[in-house]
Amino acid sequence: METSLRLRGGGGLRIHAKEKLPLGYNSLIQAHGEMDASTAGAAAPSYLALFVRQFYPQKNRTGAVELAWTILDLRRGQDVRLKLGYEFYDKVPYLQLRENNWTLNAYMDGKWDVRFDM
């Protein structure tokens, strides 16, 4: 199960969990759950989805150029990656700073998010 804490600009802190269960050769069940951190004490998720996904070629066009610099063991047990990129189809430059489980994404159109992978 993939679990992370997510904080987005203009939004709140959320706990996100995702599990993928294979059904066959080209399909799986994917379950997502998301809960506001303010309601984390209560067991009621604010978002829950369960769906079956078939793997077909996607027609979404994406393309980017990225310059990444990774520093392994900057300090003992601390890996850091700095990534600068440009998304061709959305025409948005972006920056990503990752330190072990923490990731900060900043887009030049004013959007940003912080993620902690557990």
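Which residues make the nonpolar surface patch of about 820 Å²? Select Leu 7, Leu 13, Leu 67, Trp 69, Leu 82, Leu 84, Leu 97, Leu 104 and Trp 112, and the patch is on screen. Keep in mind while looking that this is a predicted model.

**Stop 1: the strands under the patch**

Colour strand E5, residues 64-75, and strand E6, residues 78-87. Each of these strands supplies at least two residues of the nonpolar patch. Next, pick out Trp 112, another member of the patch, which sits in strand E9. Trp 112 counts as partly exposed because its relative accessibility is 36%, between the 20% and 50% limits of that class.

**Stop 2: Leu 67**

Centre the view on Leu 67, in strand E5. Is Leu 67 buried or exposed? Its relative accessible area is 61%, so Leu 67 is exposed; the cut-off for that class is over 50%.

Now show what surrounds Leu 67. Setting aside neighbours within four places in sequence, its contacts are Leu 82, Lys 83 and Leu 84. Of these contacts, Leu 82 and Leu 84 are also listed in the nonpolar patch.

**Stop 3: the aromatic pairs**

How many aromatic pairs does a search of the whole structure find? The search finds 3, and two of them are visited here.

Begin with Tyr 86 and Phe 88, an edge-to-face pair with 5.9 Å from centre to centre and 70° between the planes. Tyr 86 is partly exposed because its relative accessibility is 30%. Phe 88 also falls in the partly exposed class, with a relative accessibility of 42%.

Then move to Trp 102 and Phe 116. Their rings form a tilted pair, 4.7 Å centre to centre, with 50° between the planes. This pair links distant parts of the chain: Trp 102 belongs to strand E8 (residues 102-107) and Phe 116 to strand E9 (residues 112-117), and the two residues are 14 residues apart. With a relative accessible area of 45%, Trp 102 is partly exposed. Phe 116, at 22% relative accessibility, counts as partly exposed as well; the buried class would require a value under 20%.

**Last selection**

Finish by showing strand E9 on its own. It holds Trp 112, and Phe 116 lies in this strand too.

Key:
Residues numbered from 1 in each chain as written. Predicted model: local features only at pLDDT ≥ 70, side-chain atom pairs only at ≥ 80, totals over all residues. Heavy atoms only, no water. Phe/Tyr/Trp six-rings, centres within 6.5 Å; stacked < 30°, edge-to-face > 60°. Buried < 20%, exposed > 50% of the residue type's maximum accessible area, 1.4 Å probe, protein only. Helix = DSSP H or I, 4+ residues; strand = E, 2+ residues; numbered from the N terminus. Patch = residues over 30% accessible without salt bridge, like charges linked within 9 Å, V, L, I, M, F, W, Y side chains within 5 Å. Areas by Shrake-Rupley, 256 points an atom, 1.4 Å probe, with all protein chains shown as cover. Salt bridge = Lys/Arg side-chain N within 4 Å of Asp/Glu carboxyl O. Contact = heavy atoms within 4.5 Å.
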